[in-house]
Amino acid sequence: MVDRDSRADDRGVAAADGLASGAACGSAQPRRSESAAPNAEAIPANTAGQRWYRRERTEGRLRGNPHQSTHRHPRGGTAGRRAGEPDAALWFRLVDRDRRLLALLAEHKVLTTNQIAAIEFASLRRAQDRLRRLRELGVVFTFRETYPMGGTSQARFALGYLGARLIAAQRAQKPPAQKAYAESLERLGMWPKLDHQLGVNEFFCSLSAHRNPARRRDGAAARLTQWWLEKQCTEFFWTNVDSRTVRPRPDGYGCWEEHGRVVRFFLEHDTGTEPLARVTGKIVDYGDFPTNAFGVLLFSVHSARREIALRAALHRDLAGSPPSFVIATAARDHNHPDGPAGPIWGLWTPRSGDTVARRYRLAELPARGPHVEHSAPSTDQPLNEAAFDPNDREILGRISAWQPEPADATSYPDDDEDLDGDVMLYDDSDDDVYRVPADTARPAAQRPRRWAA
């Protein structure tokens, strides 16, 4: 009898120890109820193990990753690691392509599966497989929109919490708090400008696809070498005119290079939700800013009908005072295989009205903006080899030394003028008319704050 009772007690203690160790390693062993414990000594260990297990499941992973495993794998570098210690091995499990993707998500908030595949992958299937793995690691976060009539949208990816910590560590920044970052991801899913931001990102991703060697053969000849988001544009492109701050707010700023020709541009992405009077009203801020010293202004609208209405509104509002910079319009329903880089752009002039005499490729538009020597490609700031330093004195001088001048309507070509080959549009010989001495710069009080990377 003594031996039988002692063996029963040993089995009870072993069961309690097994439960505690199973919870600590995250394994899915069955939990016994407190009433089933063979003695009172097993109950406290059982309860403590259950509390630890529940807390680890609640705080240890994002709720937005339903496919993320709750198990701890020894190969993942987390086995035996104490709470609060960083997972240094995670960064080295990522290839350069993954790191570029994390940097893009940190800058541009959200990208779809197709957009990511166009930039970095040879096929959509390969992109889906790799993104699934990155989601399991917790470095990306994915969500979908459910449509009222059924079905869901394409998967949308944002930077996950672990990915945000990796980017912060790479840039020597303070990592975000986990709870606050989870709330920011929830707000992203309900962001009113989400569709607009996805449209802007689609424009730049379509251009970035030309430099993807797995998809394009002319990746070296045609490529996007600068991609600034709205926040960067707003913080740099501003000036003071007549005691007021002029701040154009483009949806993006880019640099397109093709066969040695460089075209910098401001992008206005129109979804058709704003009245045309408000769209054309943006021209005032561009006119009070040295827009011509930094690029051309592109209006990308959703349909050909909207483009006709926009060009008519521009003719009605600007015919008497034409702007001193280049304006081009295009509709996104053109279905050209080259996307925004193709011959879809129509130059607007005071005499063109709502018709387009000829469509130009993006590289055929007038070359405007500073000439910048390329920097080395970086996974920290991808697609920005031709980006200029916001604190460069020569660049700032283009703004501080500029004075508004009346536009000369004779500088615009006629509607029926044949502009082929190397014919200079808008007098390309004056690309650097706003060049100033290197020591000229905006006063320190007027300098914009450098944005967070």
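Which residue is the bridge partner of Thr112 in β3? The partner is Arg156. The close-up views below are taken from a predicted model.

**View 1. Pairing of strands β1 and β3.** Strand β1 covers residues 111-112 and strand β3 covers residues 156-159. The two strands pair in the antiparallel sense, over two bridges. One of the paired positions sets Thr112 against Arg156 of β3.

**View 2. Pairing of strands β2 and β3.** Strand β2, made of residues 140-143, is joined to β3 by four bridges. The strands β2 and β3 run antiparallel. Val140 stands opposite Leu159, a residue of β3.

View 3. The strands form an open sheet in the order β1-β3-β2, and the pairing is antiparallel. Strands β1 and β2 are the edges of this sheet, each pairing on one side only. Helix α4 packs on the sheet and touches β1, β2 and β3. The direction of α4 makes about 90 degrees with that of β3. Helix α8, residues 178-189, lies across β2 and β3. The direction of α8 runs at about 150 degrees to β3.

View 4. Helix α4 consists of residues 96-108 and holds both Arg99 and Asp96. These two residues are three positions apart in the chain, about one turn of the helix. The side chains of Arg99 and Asp96 meet in a salt bridge, with an N to O distance of 3.8 Å. The structure as a whole holds 22 salt bridges.

**View 5. Crossing of helices α11 and α12.** Helix α11 is formed by residues 276-287 and helix α12 by residues 304-318. Their axes come within 10 Å and cross at roughly 55 degrees. Helices α11 and α12 are therefore oblique to each other. The crossing of α11 and α12 is right-handed. On the α11 side, the contact is made by Leu276, Val279, Thr280 and Ile283. On the α12 side, the contact is made by Arg306, Ala309, Leu310, Ala313, Leu314, Asp317 and Leu318. Across both helices, the contact residues divide into eight nonpolar, one polar and two charged.

Key
Residues numbered from 1 in each chain as written. Predicted model: local features only at pLDDT ≥ 70, side-chain atom pairs only at ≥ 80, totals over all residues. Heavy atoms only, no water. Axes fitted to C-alpha atoms, helices over the stretch in contact; angles between N-to-C directions. Parallel < 35°, antiparallel > 145°, perpendicular 65-115°, else oblique. Left-handed = near helix turned anticlockwise from the far one by under 90°. Contact = heavy atoms within 4.5 Å. Nonpolar A, V, L, I, M, F, W, Y, C, P; charged D, E, K, R; others polar. Pairing = 2+ DSSP bridges. Salt bridge = Lys/Arg side-chain N within 4 Å of Asp/Glu carboxyl O.
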